[in-house]
Amino acid sequence: MSTASIDRALAVLVVAMATTGLLSLRAGHPEQGWLFVVHGLLAGALALTVAVKISRSVPRALSGRSVARLALGLVVSLFAVAALSGGYLWVASGELIWIDAGGAGLGRWTILTLHAWAGLILVPLVIVHVLPRRWRLLRPGRDTLARVGDRAFTRRALLGAGAMAIAGVAMWAIAGIIERAVGGVRRFTGSRWLAAGGVPIPTTFFGEPTPAIDLATWSLTVEGAVDRRTNHDLASLQALGEVESTAVLDCTSGWAIETAWRGVPLSAVLDEAVVAPAARRIEVRSVTGWGTSLDIADARRCVLAWSVAGRALPAANGAPLRLIAPDRRGLDWVKWVDTIRVE
Ligand code: HEM
């Protein structure tokens, strides 16, 4: 493949990896499993492209004594290798690997989260690295498009694409085979199972602290497209009825736990407020400002929980009230809920 084609492939693959990775954060239903497979297949194609890119550019940069290009190339390669090896290590190790940087005040992160950060940082780096020489890609004239069209189906281009496809499938399969050989089991989201029935590890998306909530002043407000704007304290929510829901909390940092939650069905809270027939979505908000948006049908499958695994919900797990949202990733399971807005 020409150097220009390698640069283009690199840019497209890095953006595609970051995009599929980001989309995976909201993919909690088994029907969305294909997204994780696509992410895994693209990774092998990227690994091959990075290897070819490094083997070609290092000798050229060294002979040209271009220190600035060499330095930028080195940083890009470091982040690419970190994102790729972090992802493969996650799969092939068969384990839930944590890196504890608590001593340095940086908290405790899984390899999966760290590989995702390396991948996201890689996006602007690759753009800065590739664009100065390939800026025409952003403003393609008619000639450029015609030339790209002519070259897209040459023997060399097809061989390159074939090699990437083989690398994609091979790396994905090998990582999976090693994982099974060491006894690892993943959910379709890549998350590893924790023992069922316990209290989940308390995490927040950006490591935000647990807010101090005074139960004497806390209430749940239901507002927006409803006939009756309501305000509930815990006792009035409990009076609406209590159910148990066994659901899988799948945290985007890479673990999943099936456990039992007790609370009020969200549908009971919505019915109490009488939702307008034209309403389509609800917004569930936390005292911290975090929130999620659900369509009404999805919302009716949710529970607002005050208990987990047979005990009162701990503050760090979202007390006094946490959204239990089956088939959604953990970041939609809003903790410390105080507002529901019907739209
Ligand atoms: C350039 C950016 C990225 C690279 C190079 C990369 C690389 C990888 C690799 C090599 C794997 C293992 C694939 C396998 O063998 O199944 C992987 C898995 C995974 N990545 Fe990424 N990744 C990137 C960005 C992201 C981002 C931004 C996220 C999320 C925010 C993410 C989420 C995941 C998840 C959830 C898995 C596990 C999937 C599974 O186990 O099937 N990745 N990644």
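Ser286 stands opposite Val337 in S13. The two strands here are S8 (residues 281–286) and S13 (residues 337–342), which run antiparallel and are joined by 5 bridges. Strands pair if DSSP finds at least two bridges between them. Strands of a sheet pair through backbone hydrogen bonds, either parallel or antiparallel.

This is a predicted model, in which local features need pLDDT of at least 70, side-chain atom pairs count only at pLDDT 80 or more, and totals for chains, interfaces and linings use all residues. Residues are numbered from 1 along each chain as its sequence is written.

Next, the whole protein. It has 9 helices and 13 strands. Its C-alpha trace spans about 75 × 50 × 35 Å along the principal axes. Of the 343 residues, 33% are buried, meaning that 20 or more other C-beta atoms, placed from the backbone, lie within 10 Å of the residue's own.

The domain assignment gives domain 1 (3–193) and domain 2 (220–342); such bounds come from an automatic or database assignment. Their C-alpha centres lie 37 Å apart. Where do they touch? 16 residues of domain 1 are in contact with 11 residues of domain 2, contact meaning C-beta atoms, placed from the backbone, within 7 Å. On the domain 1 side, H4 and strand S3 (192–193) each supply at least two residues. That side divides into 6 nonpolar, 7 polar and 3 charged residues. Ala, Val, Leu, Ile, Met, Phe, Trp, Tyr, Cys and Pro count as nonpolar; Asp, Glu, Lys and Arg as charged; the others, Gly among them, as polar.

Finally, the ligand. 27 residues surround it, the closest being Gly21, Gly40, Gly87, Gly119 and Gly190; the C-beta atom, placed from the backbone, must lie within 6 Å. Helices H1 (3–24), H2 (33–64), H3 (67–93), H4 (111–134) and H6 (155–181) give two or more residues each to this shell. By class, the shell has 18 nonpolar, 8 polar and 1 charged residues.

Conventions: Helix = DSSP H or I, 4+ residues; strand = E, 2+ residues; numbered from the N terminus. Contact = placed C-beta atoms within 7 Å. Buried ≥ 20, exposed ≤ 12 C-beta atoms within 10 Å, placed from the backbone.
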